[in-house]
Amino acid sequence: MVGDEVALALAHGRPLVALESTLIAHGLPRPRNLAVARELGAAVRAAGATPATIGVLDGKVVVGLDDDQLTRIALGEDVPKLSVRDIPFAVSTKSDGATTVASTAAIAHRVGIGVFATGGLGGVHRDAAYDESADLQLLGRTPITIVCAGVKSILDVPATLERLESLSVLVAGYRTDRFPGFYLADSGHQVPWTLDNPAQVAAAAAARDALGFGLGAIVLANPIPVDRQLDPVLHDRVLAEALAGAAAQGVTGKDITPYLLAYFHEATGGGSLEVNIDLVSRNATLAAQIAVAAAGTPA
Amino acid sequence: MVGDEVALALAHGRPLVALESTLIAHGLPRPRNLAVARELGAAVRAAGATPATIGVLDGKVVVGLDDDQLTRIALGEDVPKLSVRDIPFAVSTKSDGATTVASTAAIAHRVGIGVFATGGLGGVHRDAAYDESADLQLLGRTPITIVCAGVKSILDVPATLERLESLSVLVAGYRTDRFPGFYLADSGHQVPWTLDNPAQVAAAAAARDALGFGLGAIVLANPIPVDRQLDPVLHDRVLAEALAGAAAQGVTGKDITPYLLAYFHEATGGGSLEVNIDLVSRNATLAAQIAVAAAGTPA
Amino acid sequence: MVGDEVALALAHGRPLVALESTLIAHGLPRPRNLAVARELGAAVRAAGATPATIGVLDGKVVVGLDDDQLTRIALGEDVPKLSVRDIPFAVSTKSDGATTVASTAAIAHRVGIGVFATGGLGGVHRDAAYDESADLQLLGRTPITIVCAGVKSILDVPATLERLESLSVLVAGYRTDRFPGFYLADSGHQVPWTLDNPAQVAAAAAARDALGFGLGAIVLANPIPVDRQLDPVLHDRVLAEALAGAAAQGVTGKDITPYLLAYFHEATGGGSLEVNIDLVSRNATLAAQIAVAAAGTPA
Ligand SMILES: [Mn+2]
Ligand SMILES: [Mn+2]
Ligand SMILES: [Mn+2]
């Protein structure tokens with residue numbers, strides 16, 4: 001399951017950061033996605049940790065995709081998105097696939113990686129009763145630190161925050177008391193706790209583990225800085241248009257997220273994509289700093 | 001807890017199939033229910049496995065009811081339906097009772113039985129906020145393979161599928177990419193994976209267990225063949241009438257499922273009952289084939 | 001984590017009752033709250049058990065607050081309410097805090113205390129999609145016996161009962177087949193099981209533990225006697241007024257519970273407070289009797 005470099009880092013207690021592959025396979029246009037995948041690995045290394053990008057190839061879970069494997073996930077045809085419940089089927093049918101937040105978190109925790117960087121969590125869909133990402137329940141029982149920029153604003157952010165509370169997922173803002181809005185620094189909602197440096201995050205995770213209550217993830221919400229966010233007026237207008245467009249054209253179910261994201265991409269002249277890449281890269285760096293702090297290693 | 005025949009099969013690693021008793025005590029008219037209970041055991045044996053029908057007698061959980069015990073569950077007065085949360089009270093108050101999907105799955109897993117056959121899962125009720133069967137959460141944390149024909153169409157099938165996804169319950173169709181509609185071969189919804197033979201199902205369960213993510217059940221959805229299903233036009237008409245009748249008469253809560261099933265039974269001239277018995281029997285046979293494959297025993 | 005008296009009781013297998021501190025810090029007016037906190041401890045002792053009031057001081061979880069510590073929680077400025085997901089942050093930031101039902105249950109179970117007394121559980125909020133207390137999920141996985149008087153009538157009681165069922169939380173009435181309505185003996189809803197003495201409650205908990213299904217809490221619903229309840233006509237009128245007032249003034253989210261409770265307090269001329277204190281005290285006594293029964297110690 002674990003590649004050589006990751007195995008060595010695990011054996012020596014060196015800092016590691018898990019990265020997901022759905023972002024690469026489905027979240028970004030080609031071939032930019034491959035370049036970003038490499039940049040995320042480089043960002044983790046630059047901050048003193050080992051990147052462990054996770055995917056499934058020929059039915060084997062790979063923790064620490066090498067460049068050939070990363071290329072196959074990034075540029076392959078029809079690489080399916082695998083949530084945690086899909087992994088056993090992908091293994092038993094010897095399929096390839098890209099891992100989501102839920103499956104990446106489950107795999108990372110299984111092999112002993114405690115920090116994971118991504119863009120945004122899955123959440124509760126707007127106007128779609130019962131359509132709630134498997135990420136939320138999985139985070140409720142998987143003790144990992146996940147660095148993200150909140151949940152995409154196309155989802156129902158307050159409902160997602162309520163579910164995280166009901167499921168006892170730990171939520172903290174990084175240097176903010178506001179829950180970020182993915183493309184925006186502030187979603188308009190509060191977070192219950194604020195942490196100000198990587199050592200504080202590592203200490204909270206250590207406290208969780210020592211307490212032994214069976215708690216799950218720390219969602220560390222790391223906002224894009226205000227001066228790098230999408231213009232809020234543009235954001236709100238495009239979001240309203242996108243939601244109205246989806247309703248008018250009867251787009252529902254699994255088609256709605258790609259529709260809304262494509263709408264954002266086009267209507268912002270690619271601006272939403274640049275913010276997305278920026279925030280993921282910043283999350284990778286922060287995740288590495290936390291992993292370094294947790295390993296007791298000077299950065 | 002475990003009867004002699006089941007204990008021997010467990011000790012020798014022989015294939016076993018769990019069967020529930022709520023179907024017998026509450027799902028079928030008397031005395032046909034007892035005949036069906038015996039037929040299900042015979043179907044499991046004919047496919048090379050040992051049946052383990054589960055129930056509670058005098059506060060003792062019995063795994064592998066013998067014919068006298070089966071008769072008592074089938075023909076007894078006021079045998080209550082026991083979900084998993086009821087079992088401790090039934091034990092401590094020395095009650096009898098019939099086990100549901102949730103309690104049968106919990107008990108089967110506890111004693112080491114990995115495959116379970118039933119008719120339909122519980123699910124989310126239509127137009128009844130928060131009324132969701134305990135089956136769903138329990139399956140989310142109980143690693144067993146449950147062979148069923150979907151969920152009864154009187155429930156909210158798409159909401160139930162969403163909940164199974166949110167709870168990371170594994171779902172696959174048996175030789176189909178459609179989620180079955182209990183009395184019908186196709187509910188109109190898709191399944192994420194298709195498995196084509198018992199060995200593939202056993203391999204998926206083995207992969208789940210080896211991965212160690214704490215995943216729960218595989219729901220293997222086994223449709224009634226199209227040429228044995230209830231006539232779809234009749235089905236849809238009766239369903240609409242039954243739902244309208246329940247609304248008009250103010251039937252709600254725990255009374256609604258028996259009302260709708262009785263309506264189906266009457267309005268189809270007993271046809272729905274025959275389909276129900278047919279599909280449960282087919283599920284018992286398939287479950288036995290999967291147990292045989294998992295045990296590495298030639299059928 | 002554990003104070004000396006509690007440690008000794010645990011070591012000798014003597015009966016213990018956990019008590020929460022949110023009730024003290026946030027549920028009752030000062031300085032009456034400190035007096036009630038002391039009375040609850042005395043009620044537990046009078047019934048033959050050791051009280052273990054739980055709170056967090058300087059980032060240390062304390063099980064068995066002494067009188068100085070109790071005073072600090074009761075009279076301190078801005079003692080925050082800590083649900084279970086907040087405890088790791090409170091520990092890592094060395095904060096004080098009062099524990100809720102969820103965090104008290106998690107801590108009590110962790111140190112080996114099996115019985116817990118409180119007033120009312122958290123639940124599902126009225127007219128607030130997704131606003132569900134973390135108590136419910138936590139009780140679904142924490143095997144403890146919690147003695148309460150139901151859930152406050154300002155919440156959505158039937159939705160809360162449905163969630164407890166979906167989450168397989170064990171629910172029984174103490175000497176009643178009705179779910180109590182906090183200020184009232186009867187909420188208008190049924191409970192699935194009735195237990196009639198402390199030994200029966202202890203036996204149900206022992207059966208749950210022996211079965212090994214991974215079940216969570218027993219919610220033992222202990223109604224205020226009819227002759228000590230709030231006048232039902234007054235209750236229903238005040239509840240309707242309070243809900244209408246909150247809607248008219250746009251009170252929502254975290255502000256709604258304090259608003260409704262303050263309204264009750266004022267509109268009943270303090271009567272709701274007296275019933276609240278009465279029922280908590282009765283729950284402490286019953287919890288102690290159950291702990292005594294479970295420990296096999298004569299009361
Ligand atoms: Mn979904
Ligand atoms: Mn229900
Ligand atoms: Mn809430």
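A salt bridge is taken here as a side-chain nitrogen of Lys or Arg within 4 Å of a carboxyl oxygen of Asp or Glu. Across the interface of chain A and chain B, this rule finds 0 salt bridges. The model is predicted, so local features need pLDDT of at least 70 and side-chain atom pairs count only at pLDDT 80 or more, while totals for chains, interfaces and linings use all residues. Residues are numbered from 1 along each chain as its sequence is written, chains are lettered from A and ligands numbered from 1 in the order in which they are written, and side-chain values use heavy atoms, with hydrogens and water left out.

The interface of chain A and chain B was examined next. Contact means heavy atoms within 4.5 Å. By that criterion, 25 residues of chain A touch 29 residues of chain B. Buried area is the accessible area (1.4 Å probe) that two parts lose on being put together, summed over both. Chain A and chain B bury about 2300 Å² between them. Of this area, 62% lies on carbon and sulfur atoms. R85(A), F89(A) and Y130(A) supply 37% of the area that chain A buries against chain B.

Between chain A and chain B, 6 residue pairs are in polar contact, both residues at pLDDT 80 or more. Helices (H or I, at least four residues) and strands (E, at least two) are DSSP runs, numbered from the N terminus. Helix 5, helix 6 (101-111) and helix 7 (134-140) of chain A each give at least two residues to the side of chain A that touches chain B. Helix 5 of chain A gives the largest share, 6 residues. Residues were also classed by type: Ala, Val, Leu, Ile, Met, Phe, Trp, Tyr, Cys and Pro count as nonpolar, Asp, Glu, Lys and Arg as charged, and the others, Gly among them, as polar. The side of chain A that touches chain B divides into 13 nonpolar, 4 polar and 8 charged residues.

One residue on the chain B side illustrates the contact. E162(B) is placed in helix 8 (residues 157-166) of chain B. Neighbours within four places in sequence aside, E162(B) is in contact with Y130(A), D131(A) and E132(A). E162(B) is partly exposed, at 21%. Its C-alpha atom is separated by 12 Å from that of P192(B), 30 residues apart along the chain.

Chain C also meets chain B. Here 29 residues of chain C are in contact with 25 residues of chain B. The two chains bury about 2300 Å² between them, 62% of it on carbon and sulfur atoms. Between chain C and chain B there are 0 salt bridges. The count of residue pairs in polar contact is 6, both residues at pLDDT 80 or more. Helix 8 (157-166), strand 8 (170-174), strand 11 (193-195) and helix 9 (198-211) of chain C each give two or more residues to the side that touches chain B. That side of chain C divides into 20 nonpolar, 5 polar and 4 charged residues.

Over all chains, the count comes to 33 salt bridges. One of them joins the side chains of R72(A) and D96(A), at 2.9 Å from N to O. R72(A) lies in helix 4 (residues 67-75) of chain A and D96(A) in the loop between helix 5 (87-92) and strand 5 (97-99), so the pair ties together parts that are 24 residues apart in sequence. R72(A) is partly exposed at 34%, as is D96(A) at 22%. In chain A, R178(A) and D186(A) also meet in a salt bridge (3.0 Å, N to O). R178(A) is partly exposed at 25%, and D186(A) at 33%. In chain B, D186(B) forms a salt bridge with R178(B), the closest N and O atoms being 3.0 Å apart. Salt bridges that share partners join D58(A), R72(A) and D96(A) into one network.

Strand 7 (residues 145-148) of chain A is covered on both faces. T145(A) and V147(A) on one side are buried, as are I146(A) and C148(A) on the other. Two strands pair if DSSP finds at least two bridges between them. Strand 6 (residues 115-117) of chain A runs parallel to strand 7 and is joined to it by 3 bridges. V115(A) stands opposite T145(A). Strand 12 (residues 218-221) of chain A also runs parallel to strand 7, with 4 bridges. I146(A) stands opposite V219(A) in strand 12.

Terms used: Buried < 20%, exposed > 50% of the residue type's maximum accessible area, 1.4 Å probe, protein only. Polar contact = N/O pair within 3.5 Å; in protein donor to acceptor, adjacent residues only side chain to side chain.
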